Amino acid sequence: MQKKNIHFLTQAAMIAALYVVLTFIANAFGLANYAVQVRFSEALTILPIFTTAGIPGLFIGCIISNVLTGCALPDIIFGSIATLIGAFGTYKLKSNRFLAVLPPIIANAVIVPLVLKYAYGIEPLWFSFVTVTAGEIISCGVLGLILVAVLNKYKTQIFGTV
């Protein structure tokens, strides 16, 4: 039992760390925050397909990323909750990888534009809906599906028993 808990915590910590690093890379290109965002780290939202450790790992990684990139408090809270909802939804739909990418896209497309409006005053709201949704489709839909195809070959070596 102890070995299983350590394995879970290690995976969650590694996923959180990867999320932070990838967010910082996107941030260096001005793509991590505000109306036009393509967080490469959001591709990791497919990881709950392989391990439940992806759920807390993504949530904690998003919180840390949002704090360290200087996001407003509502963004730290609700942006991270959007990632948590997306990760949990991905886990629930893990039997179909094409459907599994939809929860993070939908959660972020609905929540983040509202955060952008009320936390940062970014208008018009419809523009944020379009840009955030497009960014999530790129990150989760395209990059996430590529990542799941690559990881699927090595899932037992990387994640253990799946």
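A nonpolar patch joins side chains of Val, Leu, Ile, Met, Phe, Trp or Tyr within 5 Å, each residue having over 30% relative accessible area and no salt bridge. The model treated here is predicted.

**Exercise 1. Which residues form the nonpolar patch on the surface, and which helix gives its largest share?**

Solution. 
Step 1. List the members: I137, I138, V142, L143, I146, V150, Y154 and I158.
Step 2. Take their accessible area together: about 680 Å².
Step 3. Assign the helix. Helix α6, residues 125–152, supplies six residues, the largest share of the patch.
Step 4. Check one member. V150 lies in helix α6. Its relative accessibility is 45%, so V150 counts as partly exposed.

**Exercise 2. Is C62 buried or exposed, and what is it in contact with beyond its neighbours within four places in sequence?**

Solution. 
Step 1. Recall that buried means under 20% relative accessible area. C62 has 2% relative accessibility, so C62 is buried. C71, at 10%, also counts as buried.
Step 2. Locate C62: helix α2, residues 54–68.
Step 3. Leave out neighbours within four places in sequence. C62 then contacts Y19, R39, G79, S80 and T83.
Step 4. C62 and I77 are 15 residues apart in sequence and 9.5 Å apart in space.

Definitions and conventions. Residues are numbered from 1 along each chain as its sequence is written. This is a predicted model: local features need pLDDT of at least 70, side-chain atom pairs count only at pLDDT 80 or more; totals for chains, interfaces and linings use all residues. Side-chain values use heavy atoms; hydrogens and water are left out. Buried means under 20% relative accessible area, exposed over 50%, partly exposed in between (1.4 Å probe, protein chains only). Patches are made of residues with over 30% relative accessible area and no salt bridge: like charges are joined within 9 Å, nonpolar side chains (Val, Leu, Ile, Met, Phe, Trp, Tyr) within 5 Å. Accessible areas come from the Shrake-Rupley method with a 1.4 Å probe; for residues, only the protein chains shown count as cover. A salt bridge is a side-chain nitrogen of Lys or Arg within 4 Å of a carboxyl oxygen of Asp or Glu. Helices (H or I, at least four residues) and strands (E, at least two) are DSSP runs, numbered from the N terminus. Contact means heavy atoms within 4.5 Å.
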